[in-house]
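Subject: Structure handover and notes

Dear colleague,

Please find below the structure I promised to pass on. My notes on what was found in it follow directly after.

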Amino acid sequence: MTSNKDTSLVKPGERLDDLQLGGLELIQNPGKFCFGVDAVFLSDFARVKPGETVLDMGTGNGIIPILLSAKTKGKKFTGLEIQAETAEMARRSVLYNHLEDRVEIVTGDIKEAADIFKPAFFDVITTNPPYMLAEHGLRNTDDAKAAARHEVLCSLDDILRESMRLLQDKGRFYMIHRPFRLTEILIKMNHYKIEPKRIQFIHPYIDKEPAMVLIEGVRGAKPRVTVEPPIIIYGKSGIR
């Protein structure tokens, strides 16, 4: 069987990664920040109904919109990415997979998202934001990696403020983050009228503390949160 995918979209120094999902592949540059398992967990956790519109804030190489386009029956998926080179690579992945009718990559700043798009336009917003505060720890000298790991281009407040403006009433917000910032996240979600509704912890091993946390919020909802059974990535540590 001959592939109808255009390999000329892959530039020197880049590679194609098989997403193990409907024949989808992603263009990545191993010298830059590549997607991790957190993006896959977030795409599984997010609930997108048929016909809904989705915005992924800080989309990077476009992994989350591309995964959601295959996993759900959403109508339109938009990825917002501030780094022009990364956004351009994401667009090439969209073209490579023939998803241009459903997936769009927009170059722009999260802090200005409500000016870029129509207010109250999206049914769902997803985000896999930088986990670390800008002043926390040593930053990688590579700009793309620093932006992916540290809040150097946007903050948690920026993401939640713009999400509040862009979500329809009762629109859903999905984020993956680190548990050590959970108290801050929940307080700020409440401040921006995105009520936490569902939380799920991800543990590397059953006997280890969680490494990640998935959070669903609903704009303008009443308080009531459900903690779902944890995800355990591996078996008990020390046992293969």
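pLDDT is the predictor's confidence in each residue, on a scale from 0 to 100. This is a predicted model, so local features are given only where pLDDT is at least 70 and side-chain atom pairs count only at pLDDT 80 or more, whereas totals for chains, interfaces and linings use all residues. Residues are numbered from 1 along each chain as its sequence is written, and side-chain values use heavy atoms, with hydrogens and water left out.

Confidence and overall make-up

The chain has a mean pLDDT of 90, with 88% of its residues at 70 or more. Please treat one stretch with caution: over residues 144–151 pLDDT stays under 50, and for these residues the model has 34 contacts beyond four places in sequence, a contact meaning heavy atoms within 4.5 Å. The secondary structure comes to seven helices and 11 strands, where helices (H or I, at least four residues) and strands (E, at least two) are DSSP runs numbered from the N terminus. Of the 240 residues in the chain, 49% are buried; here buried means under 20% relative accessible area, exposed means over 50%, and partly exposed lies in between, with a 1.4 Å probe and protein chains only. Among the contacts in the chain with a separation of 6 or more, 72% are between residues 24 or more positions apart.

Just after helix 3, H98 adopts a positive phi of about 55 degrees.

Salt bridges

Side chains of opposite charge can pair when their charged atoms come close. Counting a salt bridge as a side-chain nitrogen of Lys or Arg within 4 Å of a carboxyl oxygen of Asp or Glu, the total comes to 18. One of them joins the side chains of E14 and R92, at 2.7 Å from N to O; because E14 lies in the segment before strand 1 and R92 in helix 3, this pair ties together parts that are 78 residues apart in sequence. Both E14 and R92 are buried, and a network of salt bridges links K11, E14, E88 and R92.

A salt bridge also forms between D44 and K71, whose closest N and O atoms are 2.6 Å apart. D44 lies in helix 1 (residues 37–45) and K71 in helix 2, so the pair ties together parts that are 27 residues apart in sequence. D44 is exposed, with a relative accessible area of 53%, while K71 counts as partly exposed at 32% relative accessibility. In a further salt bridge, the side chains of E184 and R181 meet at 2.9 Å, N to O; E184 is partly exposed at 25% relative accessibility, and R181 is buried at 3%.

Strand 9 and its partners

Strand 9 (residues 212–219) is largely enclosed by the rest of the structure, because seven of its eight residues are buried. Strand 7 (residues 167–177) pairs with strand 9 in the antiparallel sense over six bridges, two strands being taken to pair if DSSP finds at least two bridges between them, and in this pairing H177 stands opposite V213. Strand 8 (residues 194–203) also runs antiparallel to strand 9, joined to it by eight bridges, and E195 stands opposite V218 in strand 9.

K170 lies in strand 7 and is partly exposed, with a relative accessible area of 44%. Although K170 and V218 are 48 residues apart along the chain, their C-alpha atoms are separated by 5.4 Å. Leaving aside neighbours within four places in sequence, K170 is in contact with V218, R219, G220 and A221, and the K170 side chain reaches the backbone oxygen of G220 at 3.3 Å.

A residue in helix 6

S163 lies in helix 6 (residues 156–166) and counts as buried, at 0% relative accessibility. Beyond its neighbours within four places in sequence, S163 is in contact with M57, I125, F173 and I194.

Best regards

Definitions and conventions:
Polar contact = N/O pair within 3.5 Å; in protein donor to acceptor, adjacent residues only side chain to side chain.
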